[in-house]
Structures are given as structure tokens and as C-alpha cells.
Amino acid sequence: MTGTNSPAGIIEAVRKRPGMYVGDTGVYGLHHLVYFLLDAVFSEARRGECGDFSLEAGVDGSISLFSTSRIVPPGELVGMAVGHAFYMQPETYDWGWSNSVPVALALSSRYQVDLWSEGRQWCLLGEQGRPVDEPQEVTPAEPLPIEASRGMRIRVVPDATIFDKPAFDTEMLSRRCQELTTLAPGLRARFTDHRTGQHALLYYPRGLTQWLEERIQGLPRVHPEPLSFDVQWEGLRVRCTLQWCEVDGSVWSYANTVRTRRQGVHVDGVFLALRGALSELSGERVPVFSRPRLERGLMAIISADGPEERMSFKGPTKDLLATEGLKWAVRRLLRPVLVEALREHPLTPWLLEQGRVPRRRASP
């Protein structure tokens, strides 16, 4: 098979135009190479196929990711590495790693992929994105990096002829691991930077609520505990955790693992539901309550997750989620839940006062 749809053609295309796949060849693109792999971990965790992963930054400039997710059969390992999934139909190749692995491998100077299954281990080596041989069984098999019955480890050394400065940032990698473990509650992560000796175990079984509590630790609060909600609509799930504090507010929003810095329809829906709930509880019209006033002092995390094809964004970047119908669905589903949660809540009088738009004085 020849051309860009052939394995060799895919590797060549990725190496020739890396910015099309990871954004650029600077700091952003280098770390996006890792985020690409971690996104696959998130997808596998969402479907119940992964419970643990580890990420290690090596002293040689390498990055190593091990995951307990599904694995391909050893005989298909080369096909995965060179990008067969790029031109296979989704219904015949639905593995979560099918697009991320070949991009990461193509942009490496050298790589190693290890598979463990049923007490056996296989290893595939490659250079400049291309396998140097068929996968070989390793005997005796090494212990798995994490106690499990199966798993895969991908170790890549980013190609210094492609990336401007192929040195990973500890804080960026650690923060990304933290985001994944909160956005996929129950997922456990181990992050190690062998260059600095930093080691972290990350586990957030209560998800966004636990993460928000960590972020607001020590801040003066209007109410003791965050308010947390979860609604689902047509395969999409929107979760939010809300805490009003006596400080300037901040709202963090996500669409799957993407930080939507301009927020989007999932956030709009939450505020519409909140204004509607306050209207019902007070007997006043919805326009009486203003979103900017309700955002004062609000520390919140709001996430939407679902199939990638449902995550529609506005504009050339992924800063603003624009999935059609989601805003109104969140408003409809969340409003009655908020009404019940706030009906006897000690926060409600404060919210009614805080969110109400001051009445204009009549002209003399």
C-alpha cells in the first residue's frame, strides 16, 4: 500500500507536518504529544477498561506511559504502531489508542512498546516512527509496573530534529495527570519525574468535588460544603460542583479532557438552571437574577463528557464548547434538582440577595 494512507505514508506525513497533529513544535506541541496518549487513557477509563496508569519522565528525555487498559493482540502491534487505524473504519477498529499511539511514535527518535497479557510480555522497538523488527516475546517477562493482569507501556524519546526544546515540564505533566484522575473518578495515577525525584500518587474517588475542595482549601466560604450535581442527556454527561467563597470567583470548565477557557454551552446551561431555580424559589422573574452577580465569589468546576464526535467547538480552537441542544437540556434537567437542593439550604437567602439585579430608581 502506498501514499499517505499507507503505514509509511502516515509516518512520513506526521513527521513532515507535526503541527497538524500536535499543534506546533514548541512547548505546547511537545506536551500535547503526551496529552494525546493520556486522552486515550481517559477514553479507556470512561468505558471501564482502565483503572490505573503511571507516567514517568526519564533522565534521558524520555516519557513512559503504562496503562492497565485493553491491549491489542501481539500480532497486531506493528499495525497499531504504524497507523493502520488511520484508514480503517471505526466499526472495525474501536480501540481507544488507535490514533494517539502512531502519532506519538512517529514523532520520536526511538521508542519501545511493551505488552503484558496472561503472564507473558512482548516488546516492539522502533526508530524515527518505524518499527525495526517484529514484536519479540520477552522471557522471562518483567513484572508489570502496576499490579495488574494486563497492560501496555509506551516509552518515547521525542525527536530533537522535530521539537525545538524536547524537555518536558514537571508541573505541566503532573497537572495533566491530576486533571485526568478528577475527570474520570476512580482512575488512579502515579507520576514520577526521575530528573527531579518528584513522585506523586493521584486518586480522586469523589472527582470534581474532591478537586474543588483541594483548590479552595483555606479560603473563607459562604457555605460549608460544595454543591455537586450530575445530569445526563443523549450520551452526554454534565457534572458541576459549586462553592461560593468570600473571594474573587473562578470557573474551570472542561469538555472531556479539554480545558474550555471560554467555557461553553455546558456552563451556560448550569447558570440558566440556577437562575431558573432561584426564580421558582422566590416567585420572581428569571431576568431578576443576573449571571455576573451569581459568579461573584463562585469557585466552580463544570465538565461535559461524552463521545468525541459529540464535542462540537466554536471557532478554530477548542476554547468554547458549542454542542447543539446541550445548553437547553442542562437547563431543563438541572433546574428541578437545584430547586430541591436549595429549598431549605442556608445558602439560598444569600444567593437570592447576591444574584438579584438592583432595581433602578425612578426618575424624579
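Two aromatic pairs are found in this structure, where rings of Phe, Tyr and Trp (its six-membered ring) pair if their centres lie within 6.5 Å, with planes under 30 degrees apart counted as stacked, over 60 as edge-to-face and the rest as tilted. Please keep in mind that this is a predicted model, in which local features need pLDDT of at least 70 and side-chain atom pairs count only at pLDDT 80 or more, while totals for chains, interfaces and linings use all residues. Residues are numbered from 1 along each chain as its sequence is written, and side-chain values use heavy atoms, leaving out hydrogens and water.

**The aromatic pairs**

- Helices (H or I, at least four residues) and strands (E, at least two) are DSSP runs, numbered from the N terminus.
- Phe66 is buried at a relative accessible area of 1%, and Trp116 is buried with 1% relative accessibility. Here buried means under 20% relative accessible area, exposed over 50%, and partly exposed in between (1.4 Å probe, protein chains only).
- The pair of Trp211 and Tyr254 is tilted, at 6.0 Å centre to centre and 40° between the planes.
- Trp211 sits in helix H7 (residues 207-215) and Tyr254 in strand S12 (residues 250-255), so the pair ties together parts 43 residues apart in sequence.
- Trp211 is buried at 1% relative accessibility, and Tyr254 is buried with a relative accessible area of 0%.

**Charges over rings**

- Arg215 lies over the face of Trp211, 4.0 Å from the ring centre. The criterion is NZ of Lys or CZ of Arg within 6 Å of the ring centre and within 35 degrees of the ring normal.
- The charged end of Arg176 sits over the ring of Tyr35, at 4.8 Å from its centre.

**Strand S7 and its partners**

- Seven of the nine residues of strand S7 (residues 150-158) are buried.
- Strand S2 (residues 63-67) runs antiparallel to S7, joined by five bridges; two strands pair if DSSP finds at least two bridges between them.
- Phe66 has Arg153 as its bridge partner in S7.
- Strand S3 (residues 108-117) is also antiparallel to S7, with nine bridges joining them. Ser117 has Arg150 as its bridge partner in S7.

**Helices H6 and H7**

- The axes of helix H6 (residues 170-183) and H7 come within 7 Å and cross at roughly 135°. Axes are lines fitted to C-alpha atoms, for helices over the stretch in contact, and angles run from 0 to 180 degrees between N-to-C directions.
- H6 is therefore oblique to H7, given that angles under 35 degrees count as roughly parallel, over 145 as roughly antiparallel, 65 to 115 as roughly perpendicular and the rest as oblique.
- Gln178, Glu179, Thr182 and Leu183 of H6 make the contact with Gly207, Leu208, Trp211 and Glu214 of H7, where contact means heavy atoms within 4.5 Å.

**The five-stranded sheet**

- Five strands form an open sheet with mixed pairing, in the order S10-S11-S14-S12-S13.
- Strand S10 (227-233) and strand S13 (258-259) are at the edges with a single partner strand each, so one side of each has no neighbour in the sheet.
- S12 pairs with strand S14 (residues 298-305) in the parallel sense over six bridges, and Tyr254 stands opposite Ser303 in S14.
- Helix H10 (residues 326-342) packs on the sheet and touches S10, strand S11 (236-244) and S14, its direction making about 140° with that of S10.
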